[in-house]
Amino acid sequence: DLLMRVAREHPQALVYPITVTSSTASAARKKAAKRIIDEMEKTHPDLVKEAKLVSGEMMAVAITWHETWYQGLEDAANMYFTEKDQQGMLDKLGELHATWSSVDRVSETMRVLSFIHSYGRDLHEAWNWIEKFKVSGAAVHVNQAWELYTTVFRKIKKQIMKLDELHLEHVSPKLAIAEDLTLAVPGTYSETYKNHTQSVVRIQSFLPSVTVIVSKQRPRRMSIVGSDGKTYQFLLKGHEDLRQDERVMQLFGLINVLLDKTIGIAKLGVK
């Protein structure tokens, strides 16, 4: 009920985090988020539509098909060869191959088309061997599949290691052309906006280049231009639970508050 009240009074403050939560793996969180979103759509349909677009496309930018398959094949290999979990391996490969049914994204994203052109034939052949293995249980069939999967895995790894920049038009054409949105720049909304003491900083556009930061999880740095003319930078992380990062930031914030209240240290401006 409290979140419902916040959604009615300050939709801009809640629409983005609730939309992201609706895509979580937790059934309970997803159900609660959907209930709030359904209610918000009754009064702010355009705002909810834009939030769904932005959050969904940001997820696509955070994890490309190359990275999805790279991580998925690595997980499947560990299940089969290390953990001896044959069914887990089959389930993981099934999830990966199910992505081919994403017709909309396939038809609109150049990077996905490139992936299919480069690896589609080998992956399709590998899956055919897996299907034969499901029926026969013959080791020769699964071995044939993994020869192909391993070849694809190594090629994808080389591409990923060289990746330091993404062009938005190739990974998310919808964000590349999005402009003059009703949706506020994430993290900028304040309750003072509702009192009309300050204008809401809305999303004007997205800069065309996305930086890939060289680290284990390869997060992205994306820039959004606000209606105030300023550029806001955001970090997109597709393989991690950001709640841990949030707790660390809260801890740092608490430490700063304590330092500010400590006589002597506050005068030194220590942060």
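Lys42 and Glu39 join their side chains in a salt bridge, 3.4 Å from N to O. The term covers a side-chain nitrogen of Lys or Arg within 4 Å of a carboxyl oxygen of Asp or Glu. This is a predicted model, where local features need pLDDT of at least 70, side-chain atom pairs count only at pLDDT 80 or more, and totals for chains, interfaces and linings use all residues. Residues are numbered from 1 along each chain as its sequence is written, and side-chain values use heavy atoms, without hydrogens and water.

**Salt bridges**
- The whole structure holds six salt bridges.
- Lys42 and Glu39 are about one helical turn apart, because they sit three residues apart in helix H3 (residues 27-43).
- Helices here are DSSP runs (H or I, at least four residues), numbered from the N terminus.

**Aromatic and charged contacts**
- Trp65, Trp69, Phe115 and Tyr119 make up one aromatic cluster.
- The aromatic pairs number seven; rings of Phe, Tyr and Trp (its six-membered ring) pair with centres within 6.5 Å.
- Lys132 sits over the face of Trp129, 4.4 Å from the ring centre. The rule asks for NZ of Lys or CZ of Arg within 6 Å of the ring centre and within 35 degrees of the ring normal.

**Second largest pocket**
- Its volume is about 230 Å³, the space filled by probe spheres set on the grid points.
- A pocket is an open set of points on a 1 Å grid where a 1.4 Å probe fits, with protein on both sides within 12 Å along at least five of seven lines; lining residues have an atom within 4 Å of a point.
- Helix H5 (65-82) and helix H9 (139-162) each supply at least two lining residues.

Notes. Rings of Phe, Tyr and Trp (its six-membered ring) pair if their centres lie within 6.5 Å; planes under 30 degrees apart count as stacked, over 60 as edge-to-face and the rest as tilted.
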